[in-house]
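The sequence and the structure are shown first.

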Amino acid sequence: MPKKELTAEQEQLARFAKALGHPIRIAILEMLANQSCCYHGDMSEILPIAKSTLSQHLNELKDAGLIQGTITLPTVKYCINQDNWKKAKNMFSSFFVTICNEDTCNNK
């Protein structure tokens, strides 16, 4: 049987999953979901991590497309990227339905 190539959808879903794979990133997304935007400095005062570590987590979320930032020196304002957030939500929903539904899962 020939090897199958990964689809663009599989790669995108894995990218979203990787970005969601850390509790600080989940906390960042929850914080951003509860407000229209948030400044980097504000987040570093609330979350239990150093500013440099926060920047790394923000970059991971931004690289995955889940958040977007606006630079107005000396501050950076972040918010959820609504289009990609909806895309991630739909992709995960579809993935979980496809992988596990009552017809194919063994519910022991």
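A crossing is left-handed if the near helix is turned anticlockwise from the far one by less than a right angle, and right-handed if clockwise. H1 passes H4 in a left-handed crossing. The model is predicted, with local features requiring pLDDT of at least 70, side-chain atom pairs pLDDT 80 or more, and totals for chains, interfaces and linings using all residues. Residues are numbered from 1 along each chain as its sequence is written, and side-chain values use heavy atoms, without hydrogens and water.

Q: Why is H1 called roughly antiparallel to H4?
A: The axes of H1 (residues 8-19) and H4 (residues 51-63) cross at roughly 160 degrees and come within 9 Å. Angles over 145 degrees count as roughly antiparallel, so H1 is roughly antiparallel to H4.

Q: What makes the pairing of Arg15 and Glu60 a salt bridge?
A: A salt bridge requires a side-chain nitrogen of Lys or Arg within 4 Å of a carboxyl oxygen of Asp or Glu. The N to O distance for Arg15 and Glu60 is 2.7 Å. Arg15 lies in helix H1 and Glu60 in helix H4, 45 residues apart.

Q: What makes Lys18 a salt-bridge partner of Glu60?
A: The closest N and O atoms of Lys18 and Glu60 are 3.8 Å apart. Salt bridges that share partners join Arg15, Lys18 and Glu60 into one network.

Methods. Axes are lines fitted to C-alpha atoms, for helices over the stretch in contact, and angles run from 0 to 180 degrees between N-to-C directions. Helices (H or I, at least four residues) and strands (E, at least two) are DSSP runs, numbered from the N terminus. Angles under 35 degrees count as roughly parallel, over 145 as roughly antiparallel, 65 to 115 as roughly perpendicular and the rest as oblique.
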